[in-house]
Amino acid sequence: MFTPDTLREKTFLVTGGGSGLGRAMALGFARAGAKVAVLGRRPEPLQETVAAIQALGGVAAWASADVRDPASVAAAVDSLEAE
């Protein structure tokens with residue numbers, strides 16, 4: 001549906017990016033050329049999603065946070081922005 005450069009110059013933050021719909025969206029955004037940051041509670045699935053995006057030639061980063069904790073999310077976003 002989208003060309004590989006449709007989302008070039010865009011960055012997306014996907015919560016729950018380690019599995020299910022979040023992972024599917026992160027991969028889809030990456031296939032359309034976006035940089036992707038994935039956020040979730042469990043590091044291992046997030047790392048797997050980032051590796052899958054990088055294998056496609058995309059740019060991705062991950063951070064672990066519990067979206068129910070605003071301080072945790074703020075710290076994770078700060079770390080992703082620094083990267």
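1. Strand β2 (residues 35-40) is joined to β3 by five bridges, and the two strands run parallel. Within this pairing, Leu39 has Ala63 of β3 as its bridge partner. The model is a predicted one, and the remarks below should be read with that in mind.

2. The sheet as a whole is open and has three strands, in the order β1-β2-β3, with parallel pairing. Strands β1 and β3 (60-64) stand at the edges; each has a single partner strand, so one side of each lacks a neighbour in the sheet. On average, neighbouring strands of the sheet are turned by 20 degrees against each other, with direction ignored.

3. One aromatic pair turns up in a search of the whole structure. The ring centres of Phe12 and Phe29 are 4.0 Å apart and the planes meet at 15 degrees, so the pair is stacked; the cut-off for stacking is planes under 30 degrees apart. Distant parts of the chain are linked by this pair: Phe12 belongs to strand β1 (residues 11-15) and Phe29 to helix α1 (residues 20-31), 17 residues apart. Phe12 is partly exposed, at a relative accessible area of 25%. Phe29 is likewise partly exposed, at 22%. With buried meaning under 20%, Phe29 at 22% therefore does not count as buried.

4. The largest pocket has a volume of about 270 Å³. It is lined by 13 residues, of which Thr11, Ala37, Ala61, Leu80 and Glu81 are the closest to its centre. At least two residues of the lining come from each of β1, β2, β3 and α3.

5. Thr49 is found in helix α2 (residues 43-55). Thr49 is buried, and its relative accessible area is 0%. Apart from neighbours within four places in sequence, Thr49 is in contact with Gly17, Gly18, Arg23, Ala26 and Val38.

6. The backbone at Glu9 deserves a check. Phi of Glu9 is near 75 degrees, a positive value in a residue other than glycine. Most residues other than glycine have a negative phi. Glu9 has its place in the segment before β1. Glu9 is exposed, with a relative accessible area of 70%.

7. Glu83 lies in the segment after α3. Glu83 counts as exposed, at 67% relative accessibility. Between Glu83 and Val73 there are 10 residues of separation in sequence, and the distance in space is 15 Å, C-alpha to C-alpha.

Terms used. Residues numbered from 1 in each chain as written. Predicted model: local features only at pLDDT ≥ 70, side-chain atom pairs only at ≥ 80, totals over all residues. Heavy atoms only, no water. Phe/Tyr/Trp six-rings, centres within 6.5 Å; stacked < 30°, edge-to-face > 60°. Helix = DSSP H or I, 4+ residues; strand = E, 2+ residues; numbered from the N terminus. Buried < 20%, exposed > 50% of the residue type's maximum accessible area, 1.4 Å probe, protein only. Pairing = 2+ DSSP bridges. Axes fitted to C-alpha atoms, helices over the stretch in contact; angles between N-to-C directions. 1 Å grid on protein atoms, 1.4 Å probe; cavity = no way out; pocket = protein on both sides within 12 Å on 5 of 7 lines; lining within 4 Å. Points joined across faces, edges and corners; volume = space filled by probe spheres on them. Contact = heavy atoms within 4.5 Å.
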